[in-house]
Every structure is written in C-alpha cells, then in structure tokens.
Amino acid sequence: MDVLVLGGGYAGVTLVRTLEGTLPPDVTLTLVDERETHLVQHLIHRAIREPDLDEKLAIPFDRVCSRTDHHQARVTGIDRDTQTVETSTGTLSYDVCVISLGARTAFYGLDGVAAHATPLKRLDHVAQIRRGFQQVGETGGRAVVGGAGLSGVQTAGELAELAAGAEAAPEVVLLEQADTVAPGFDRSFREALRETLDDRGVDVRTGQSVERATADEVVLSDGSLAYDQFIWTGGITGQFDGRRAVRATLRVDDRTFALGDAARVVDTDGDVAPAAAQTAVGQAETAATNVKRLVEHLRDGDGFEPRLDRYRYSSKGWAVSVGDGTVAQVGSTVVRGAPAHLLKTTIGSGYLGSVGAISEAVQYALE
C-alpha cells in the first residue's frame with residue numbers, strides 16, 4: 001500500500017514524521033517535493049538582516065525523515081479518478097494521497113506587480129530583497145512593501161532596522177488596502193504592531209489599494225508612489241485551483257486529504273482556519289490520525305467507513321518580530337519587549353527541534 005504526501009512544508013513534514021511512527025512497516029510512505037530541504041518559513045524574514053540564518057532555516061529532508069522516501073520532483077497534476085500524481089520526473093500511483101503543497105504568492109492579476117515586485121517565499125527571494133535594499137540604503141531611496149499582514153509587518157520591520165544603519169536615509173513604506181495593519185486580528189494586537197512600526201520609522205499607509213505597478217512606480221487607488229525597491233506580501237493562493245475548500249475531516253474524496261495552505265479548511269465549529277504555520281501543524285496531527293484509520297480500513301476491507309477525527313482550530317497565540325521589537329498575543333493579553341521576544345525565540349527554536357534540527361534549534365536560541 002502506497003501513501004503519498006505532496007509537499008514538504010509545515011503540514012507535510014509534521015504529517016510524515018507522525019506517520020512514520022504509526023503506519024504499519026509494510027506501507028510505503030513517500031514525500032514528494034521539488035526541493036532538497038524543508039524551509040522554516042515563519043522565520044524567513046529574519047534572514048533579510050541575518051544572512052547566516054539561511055543555512056539554519058533550510059533543513060535537508062533526509063534529516064527530517066527516517067523511513068519516508070523523498071521523491072524530489074515538482075507536482076504537475078493530480079488525477080483522483082485514476083489515483084495518480086503527475087510529476088516532473090514521471091507518474092506516481094497511490095492508495096492514499098495527502099495534498100499539502102502549500103501556497104504561492106497571490107498577485108490577484110494586478111498588472112505589473114508580479115513582474116516588478118519581489119515576493120517572500122524562498123531563500124533566493126530573501127537574497128534578492130537583501131541585495132536590493134543595500135542599493136536603496138546607498139542612495140537614500142524608497143522601499144515599498146505591499147501588504148501589511150504579519151509577513152509584510154515583519155518584512156518592513158527588518159528593512160527599517162537595516163535603514164537605521166544605512167549610509168543614506170532610505171525610506172520604508174508599508175501599504176495596506178484595509179484600514180489597519182494585520183487585519184483580522186484583535187484590535188489591541190493591531191494597535192501594538194502599528195505603534196512598533198511607527199517607533200521604527202516605517203511609513204504605514206492604510207486604506208491604500210495597489211492597482212498596478214511599473215518598473216519604478218506603484219499606482220494606487222488615489223495616486224502613485226515612486227519606489228526603488230518593491231516587495232509584495234499581499235496574499236497567498238493554492239498551487240492548484242486556488243486553495244481547495246475542505247471540511248473538518250480534511251477529506252477531499254475517499255482516498256484524498258488536503259491541509260495546510262493548500263486548503264481552505266472549515267473546522268468543526270464552522271470557522272475558516274487562518275493560513276499559518278501553527279494551523280498547518282495542528283491540521284497535520286488530525287490528518288495523521290485519519291490517514292492511519294483509512295489505511296487500516298483499506299487493508300482490513302470490512303466495508304464500514306472509518307470514523308475520522310475532525311479538526312478544530314485553536315490559536316496558540318501569536319508572536320511577531322518587528323525588527324528588534326516583538327509583539328505577542330496569548331489569549332487576550334498583548335505583551336511587548338523581552339517577554340514577547342522570549343516567546344518568539346521559544347517558538348522558533350521549538351519548531352526546529354520538533355523536526356529534528358537540534359543543533360540549529362540551539363544555535364538559533366543562543367543567537
């Protein structure tokens with residue numbers, strides 16, 4: 001029996017590490033990902049300012065997995081009728097498939113944005129942003145970050161710290177079409193993030209919709225803004241057909257599950273789970289139980305549908321770095337300064353340790 005997990009992000013890696021200990025040894029477990037490494041995405045913004053983090057945030061799959069076969073290839077298509085997956089190196093068949101391909105940057109069809117803006121999804125994007133801002137810092141130009149979700153807030157914070165030490169006086173502008181940064185979060189958390197951005201000299205402009213971009217200008221709903229560097233953190237979409245909608249069992253059909261950023265999951269309370277690392281990890285725990293039960297059902301052939309667990313989203317809190325400042329929310333309490341920084345460090349090093357990167361976890365915590 002063959003179980004395929006498509007995508008080695010937070011959801012995929014957490015899932016295969018759990019299944020390695022629960023699936024029968026004669027079940028073949030394969031992780032399909034075009035990269036050689038698992039990327040610790042929620043810390044990637046820190047590498048803009050700290051290049052030495054690059055190698056600590058990319059963990060080879062052969063260290064992450066033990067009995068799982070890593071099939072290095074790009075997924076190009078999924079045929080659920082024939083239970084096959086098309087990849088850049090050939091066709092794979094499966095008995096159970098889990099779609100956890102993560103997400104790609106959404107540009108929403110805005111003319112020129114994809115062509116002129118740098119997203120923040122991979123380490124090579126980090127390198128581009130770092131090089132680009134070095135030039136901005138030398139000339140005293142302007143860097144524009146489009147999208148003030150958590151990724152945009154953290155990116156603008158890193159650039160602001162770099163700007164403070166630059167030769168000239170570069171400007172960092174953060175654009176958001178909503179009326180507040182971090183829309184969707186509690187008011188006290190949003191206000192703390194905005195104050196921390198202001199303290200670091202970030203020019204935050206809310207209620208500003210990006211309509212298109214040229215090589216040197218962002219056209220907004222009420223004017224235009226010249227830039228020397230344009231970074232886009234405006235949203236995500238799924239790898240195939242957007243983010244697939246699934247219910248709390250994470251089941252797409254009789255043999256297929258979807259989770260993480262690849263899916264739009266409605267949990268057992270009827271709420272849409274937010275796209276976040278902690279969400280993906282939590283869904284992977286539910287998926288691991290359900291995959292195990294489905295495998296047992298297919299092997300035993302008793303004719304009765306397996307009883308599947310249902311995912312319920314529960315926030316573990318949020319910790320957001322804004323340059324050297326940190327804002328955290330646990331429950332309804334918002335904290336800043338050293339306690340928030342400690343929580344952020346604990347989360348980062350804790351996740352590295354959870355995927356087997358023990359030395360990286362220790363180094364990250366110490367640094």
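Colleague: What separates Asp 198 and Arg 194 in helix α7?

Modeller: About one helical turn, because the two are 4 residues apart in that helix. Helices here are DSSP runs of H or I, at least four residues, and strands are runs of E, at least two, numbered from the N terminus. Note that this is a predicted model: local features need pLDDT of at least 70, side-chain atom pairs count only at pLDDT 80 or more, and totals for chains, interfaces and linings use all residues. Residues are numbered from 1 along each chain as its sequence is written, and side-chain values use heavy atoms, with hydrogens and water left out.

Colleague: Why is the pair Asp 198 and Arg 194 called a salt bridge?

Modeller: The closest N and O atoms are 3.3 Å apart. The rule asks for a side-chain nitrogen of Lys or Arg within 4 Å of a carboxyl oxygen of Asp or Glu, so the pair qualifies.

Colleague: Are these two buried, partly exposed or exposed?

Modeller: Asp 198 has a relative accessible area of 40%. Arg 194 has 29%. Buried means under 20%, exposed over 50%, and partly exposed in between (1.4 Å probe, protein chains only). So Asp 198 is partly exposed, and so is Arg 194.

Colleague: How many salt bridges does the structure hold?

Modeller: It holds 21. One of them joins Arg 255 and Asp 95, with the closest N and O atoms 4.0 Å apart. Arg 255 lies in the loop between β20 (251–253) and β21 (256–258). Asp 95 lies in the loop between β8 (90–93) and β9 (96–99). The pair therefore ties together parts that are 160 residues apart in sequence. Arg 255, at 25%, is partly exposed. Asp 95, at 23%, is too.

Colleague: What else is linked by salt bridges?

Modeller: The side chains of Arg 142 and Glu 171 meet at 2.9 Å, N to O. Arg 142 is in strand β11 (residues 142–146) and Glu 171 in strand β12, 29 residues apart. There is also a network of Arg 46, Arg 49, Glu 50, Glu 158 and Asp 324.

Colleague: How many aromatic pairs are there?

Modeller: The count is 5. In one, Phe 185 and Trp 318 have centres 5.0 Å apart and planes at 85°. Rings of Phe, Tyr and Trp (its six-membered ring) pair if their centres lie within 6.5 Å; planes under 30 degrees apart are stacked, over 60 edge-to-face, and the rest tilted. So this pair is edge-to-face. Phe 185 sits in the loop between β12 (171–176) and α7 (187–199), and Trp 318 in strand β23 (residues 318–322), 133 residues apart. With Phe 189, they form one aromatic cluster.

Colleague: Which residues have the most contacts inside the largest nonpolar core?

Modeller: Leu 6, Leu 159, Leu 174, Leu 193 and Leu 197, in a core of 89 residues. Such a core is a set of buried Ala, Val, Leu, Ile, Met, Phe, Trp, Tyr and Cys residues joined through side-chain atoms within 4.5 Å. Helix α8 (residues 277–300) gives the largest share, 7 residues. Apart from this core lies another, of 14 residues, among them Phe 107, Val 144, Val 210 and Phe 230.

Colleague: Where is Thr 84, and what makes it buried?

Modeller: Thr 84 lies in strand β7 (residues 84–87). Its relative accessible area is 16%, so it is buried. Its side chain joins that of Thr 82 in a polar contact of 2.7 Å. The rule is a pair of N or O atoms within 3.5 Å; within protein, one must be able to donate a hydrogen and the other to accept it, and residues adjacent in sequence count only if both atoms are side-chain atoms.
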